[in-house]
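Trainee: Please give me a close look at one part of this model, and show me how it sits in the rest.

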Amino acid sequence: MMAPIAYIAIPTSRWLGPAGLLLLAALILLLWSYRRARPLRGFHRVCFALKTLGVLILALWLLEPMWIGRRAKAGANSLAILADNSSTMTIRDVGQTKRRGDFLREALDTETAGWLAKLAENFEIRRYFFDSRLHRTLDFSELAFDGQASAIGTNLRVLADRFQDKPLAGILLMTDGNPTDLSTPAYDLSGLPPVYPVVVGHRDPPKDIAVTNVSVTQTAFEDAPVTIQADVAVTGFAGQTISVDLKDSTGAVVQTKKWLLKKRHDKQRFRFRLRPQRAGVLFYTIAANAARLPAESAEQENRSQEATLLNNQRTVVVKRDEGPYRILYVTGRPNWEYKFLRRAIEEDEQIHLVGLIRAAKREPKYDWRGRAGEQSNPLFRGYDTQNQEQTEEYDQPVLVRLNTRDAEELRDGFPRTAEELYAYHAVILDDIEAEFFLRDQMDLIRRFVSERGGGFLMLGGKESFQQGQYAHTPISSILPVYLDRLPESPRIKRTRMALTRGGWLQPWARLRDNEQAERERLRAMPDFRVLNRLRGVKPGAQVIATVDDERDARYPALIVQRFGNGRSAALPIGDVWRWGLQSPEMREDMEKFWRQTLRWLVANVPQRISVEVVQGADLAQQAVRLRVYARDKDFQPLDNVFAEIEIQRPAGDSIRLNAQPVAHQSGVFETTLVSRASGGYSVHAVITDAEGNRIGAAETGWTVDLLAQEFASLQVNRALLEDIARQTGGRVVELDELDRFARMLPHLQVPITTTWSKPLFDLPGLGPAAFLLVLICFGSEWALRRWKGMP
């Protein structure tokens, strides 16, 4: 806050020079008279100083100095008064019978608020109230304190923009300082005029239970793939038990956690781990309440103790994508790995494993001494002699297709076009050499991961990795490891697996829900005997697991990385199946490992049609943007299509909107909706072609908790108001300081000012005080001289 601008000036006149000479002569004469009597020592110096001070004051008085300053020019500057109309103003603070809003109304009452009239004498007063938006008012009679948000930062910026080219002396912000739009620590208030926050409310927070900071994470962990996390902040319930419930969309309690409070102010984080029974868009509610007293309902108890119940619960959305996710498994020989993979996902309706198994390699093309005229491979003799054109010949590998969607799928072997390969969500290569693929097919796999966003996994074996001649191929660029040739080393006879630090942090890599049980499981695992040694791990890749051989040498055993839009993994162990042969319990562990690994592999793989919600975290009742992405079978953008979105709102009704194409973005469509009610919103988007034929659909959802966000904190946020004042050059004002502020503001730095001046000694009380000081100086000097017998 700028200090008042004023200074002392001595007017120039023709008497200024003679007056200065007379003053100098008087001082010289005074000094001569004291030195003539006796040298100036100790006591004499005090007398000399008193008479000199009196002479100087008289000389200054005769010069008639002026007190000059600047003040706001009456009526030339504007002053904006901004009153908080949000719901937190209905809170009653500790020990108060009135609400915060009642104190605010009294301060703004034009009949009793003299400070408003005082400000109106010097400024053009502009009155506003705000919640999620800024509203103009004449006398603040519209204040109802029913706003569902406190957009302090947004409305300050809007107000500054309105007065951008006008003389705005400042903004008087009357609030409790609990915004819903200034959550980031580094919010920017540059360019605003001085803001003078007026603190409404008391420092001590009222009793309250609030659910805040809700988040949802989804993993491939089989036992509990969804984790819902929420912070619960409690004030004033020491010694009581808080019940935190997780409820589904029907209101049924899914899980409950108890919390015994030991302090008046406390905060704790709760995690709910669950496995939803169905896929799709699901809504859950986290509710926290104090334990009820005997013969009293929970609602009555909370109402009698809490400041508000509107922040006791939050709603979250969980989107469980529906499959099936199709994974293409390609192996160079029939093996046990595919058998165990199939068993692991037999009951998983979301994972569909398609197998392409090479039963025999292609033969050199020459004449066999067999039956006369026979050109086909004798392995197929007797199976199907009706269509000789479809029977593999000698120079073609013998391929077996398993779990295909129809007779045409993989008919010609591994896919050769993007349309064929992009129909899958992930590709697994197991013990198959690079020579099996054409160069174009390997490049197609690379683009499948980087552009389409698919998953890729290579398993170990004698024809995998470097042994499979994949070095310097497009597939080598996908892998998270280097495939350079290694020097000869002793044969590895056995290895034992262990998780790395990064592996412990990945839920899909663990099979137990606690560390001790997981360590015991790892110690009981059998040794593996087939391992592809690797030269090193690429930068940016993460090692999830390692194996140690009999010489305690350590090798990477499970490595993952992001590659373009997709992800890739390398598992250089070639006999994972050995794990499942030890015991039924270990077979279950192995199958669980495969299920979680495959789910991780296909997690977040883009679909042809997808929809996302773009929602600002800080803006209440904002327009939510719904964006639809449409791609063809080659995953190229679709343009000549139509996107229709159906939104089911919290009240149960639905609305249909047509999404419009986004300029300069092919295959992207967008529409907006303002979320005016709290609750869960589900979205179903449908893409159709020009003839109305359905191409595909997608769904998602979002939640809005307007009042929960508004009541996230009930304590007056003085620190925020002080920071706003500091950044803008203002100062914090208390309610009982408004009269003093109204008198001081005209003398502070404002855009348009006028100059005023008055004689210095005409200031109230200064003239008599100066004359009295002169008498004291001369009288004291005379009394001291007489006391010491001086002439």
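Mentor: Of the 791 residues in the protein chain, 46% count as buried (under 20% relative accessible area with a 1.4 Å probe, protein chains only; exposed is over 50%, partly exposed in between). The model is predicted, so local features need pLDDT of at least 70 and side-chain atom pairs 80 or more, while totals for chains, interfaces and linings use all residues. Residues are numbered from 1 along each chain as its sequence is written, and side-chain values use heavy atoms, without hydrogens or water.

The chain holds 17 helices and 34 strands (DSSP runs: H or I of at least four residues, E of at least two, numbered from the N terminus). Take the contacts with a separation of 6 or more: 73% of them join residues 24 or more positions apart (contact: heavy atoms within 4.5 Å).

Strand 21 (495-499) runs antiparallel to strand 23 (542-549), and five bridges join the two. In that pairing (at least two DSSP bridges), Arg496 faces Asp548 of strand 23. Strand 23 also runs antiparallel to strand 24 (554-563), this time with six bridges. Here Gln542 stands opposite Val560 in strand 24. Strands 23 and 24 form a hairpin with four residues between them. Asp552 takes a positive phi in this hairpin, near 65°.

The whole structure has three cavities of 30 Å³ or more (on a 1 Å grid over the protein atoms alone, points where a 1.4 Å probe fits but cannot get out). Strand 21 and helix 12 (515-524) are the elements that give two or more residues to its lining. Lining residues of the largest cavity include Met497, Leu499, Arg521, Leu522, Ala545, Leu558, Trp579 and Phe593 (an atom within 4 Å of a point).

For a helix, look at helix 7 (336-344). Its buried residues are Glu337, Tyr338, Phe340, Leu341 and Ala344. They fall within an arc of 165° seen down the axis, so they line one face of helix 7. The arc is taken over directions from the axis to the C-beta atoms. That set packs against several elements, among them strand 15 (325-331), strand 16 (351-360) and helix 13 (584-602).

Helix 13 leads on to Gln607, which lies in the loop between helix 13 and strand 26 (609-614). Gln607 is partly exposed, at a relative accessible area of 31%. Leaving aside neighbours within four places in sequence, Gln607 touches Tyr325, His425, Arg631 and Phe635. Arg631 is 24 residues away from Gln607 in sequence, and 8.4 Å away from C-alpha to C-alpha.

In helix 3, Arg100, Gly101, Leu104, Ala107 and Leu108 are buried. These residues cover an arc of only 120°, which puts them on the same side of helix 3. They pack against strand 3 (77-84), helix 4 (114-120), strand 6 (168-175) and helix 16 (738-744).

Four strands form an open sheet in the order 11-10-13-14, paired antiparallel. Strand 11 (253-260) and strand 14 (313-320) are the edges, each pairing on one side only. Inside this sheet, six bridges join strand 10 (241-247) to strand 13 (280-290). Asp245 stands opposite Ala287 in strand 13.

Key
1 Å grid on protein atoms, 1.4 Å probe; cavity = no way out; pocket = protein on both sides within 12 Å on 5 of 7 lines; lining within 4 Å. Points joined across faces, edges and corners; volume = space filled by probe spheres on them.
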